[in-house]
Amino acid sequence: MFSGFAVPAAALAATVLAAATLLSASPATAAGAPLAGDVCFWTAAGQHGSSWCYTPPGYTDVPDFLHDKAASFRSNADSAVYAIDWGRDTCYYRLIRAHDLADNWPWGARLDGVADTTMGCEVG
């Protein structure tokens, strides 16, 4: 039998409830999973590997670990966003429709940034 301190029943119950809540959290709230309005990109097919999420509006460069290395994506945005590839003399975009996903995304090998407009780029 353990002795040394007593934990009030109410405090113990609150601790157990908090732990159960954390353990049953929805995968949608996990790091790298899209929240409302986000578009997330992964380094591996099937939405696996390292991830990063973009939230419109505006343009954002993708992080170095994902630059030209996105293998999959999932959009939880209510509007279209555009994957941007900065070429030598021009730029190209690829439309990502609202609530779209790709588990094996070849165009991700060109991904440099993400925007809520085409940035004046050509369709790529």
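**Group meeting: a walk through a predicted model**

The protein has one helix and nine strands. Before going on, a reminder that this is a predicted model. Of the 124 residues in the protein, 30% are buried. The accessible surface comes to about 7500 Å², and carbon and sulfur atoms hold 60% of that. As for contacts with a separation of 6 or more, 63% of them are between residues 24 or more positions apart.

Let me start with the sheet. Four strands form an open sheet in the order E2-E1-E4-E7, and the pairing is antiparallel. The edges are strand E2, residues 48-54, and strand E7, residues 101-102; each has a single partner strand, so one side of each is left without a neighbour in the sheet. In general, strands of a sheet pair through backbone hydrogen bonds, either parallel or antiparallel. Here, strand E1, residues 39-44, pairs with E2 in the antiparallel sense over five bridges. Within that pairing, Phe41 stands opposite Trp52 in E2.

Which residues have the most contacts inside the largest nonpolar core? They are Phe41, Trp52, Ile96, Trp105, Leu111 and Val114, in a core of 17 residues. E1, E2 and E5 are the elements that give two or more residues to this core. Apart from it there is another core, of six residues, including Ile84, Cys91, Ala115 and Cys121.

Back in the 17-residue core, take Trp105. Leaving out residues up to four places away in sequence, Trp105 touches Phe41, Ala70, Ala71, Ser72, Phe73, Ala83, Arg94, Ile96 and Leu111.

Ser75 sits in strand E4, one of the strands in the four-stranded sheet. Is Ser75 buried or exposed? Its relative accessible area is 4%, so Ser75 is buried. Its side chain reaches the backbone nitrogen of Ala77 at 3.2 Å. A polar atom of that side chain also lies 3.4 Å from the backbone nitrogen of His99. Not counting residues up to four places away in sequence, Ser75 touches Asp38, Val39, Ile96, Arg97, Ala98, His99 and Asp100.

On to charges. The structure holds one salt bridge. Asp85 and Arg110 form it, with their closest N and O atoms 3.1 Å apart. The pair links distant parts of the chain, 25 residues apart: Asp85 is in strand E5, residues 81-86, and Arg110 is in the loop between E7 and strand E8, residues 113-115. Asp85 is buried, at a relative accessible area of 11%, whereas Arg110 is partly exposed, at 27%.

Now the backbone. Most residues other than glycine have a negative phi, and most peptide bonds are trans. There are some departures to point out. The peptide bond from Pro56 to Pro57 is cis, with omega near 10°. Pro57 lies in the loop between E2 and strand E3, residues 59-61.

Gln47 is not a glycine, yet has a positive phi of about 60°. Its place is in the loop between E1 and E2, the strands that pair over five bridges. Gln47 is buried, with a relative accessible area of 18%; the cut-off for buried is under 20%.

Asp68 also has a positive phi, near 60°, and is likewise a residue other than glycine. Asp68 is placed in the loop between E3 and strand E4, residues 72-75. Where Gln47 is buried, Asp68 is partly exposed, with a relative accessible area of 32%.

One last residue, towards the end of the chain. Gly120 lies in the loop between E8 and strand E9, residues 122-123. Gly120 counts as exposed, at 70% relative accessibility. How far apart are the C-alpha atoms of Gly120 and Tyr93? They are separated by 8.8 Å, and the two residues are 27 residues apart along the chain.

That is what I have on this model.

Definitions and conventions. Residues are numbered from 1 along each chain as its sequence is written. This is a predicted model: local features need pLDDT of at least 70, side-chain atom pairs count only at pLDDT 80 or more; totals for chains, interfaces and linings use all residues. Side-chain values use heavy atoms; hydrogens and water are left out. Two strands pair if DSSP finds at least two bridges between them. A salt bridge is a side-chain nitrogen of Lys or Arg within 4 Å of a carboxyl oxygen of Asp or Glu. Buried means under 20% relative accessible area, exposed over 50%, partly exposed in between (1.4 Å probe, protein chains only). Contact means heavy atoms within 4.5 Å. Accessible areas come from the Shrake-Rupley method with a 1.4 Å probe; for residues, only the protein chains shown count as cover. A nonpolar core is a set of buried Ala, Val, Leu, Ile, Met, Phe, Trp, Tyr and Cys residues joined through side-chain atoms within 4.5 Å. A polar contact is a pair of N or O atoms within 3.5 Å; within protein, one must be able to donate a hydrogen and the other to accept it, and residues adjacent in sequence count only if both atoms are side-chain atoms.
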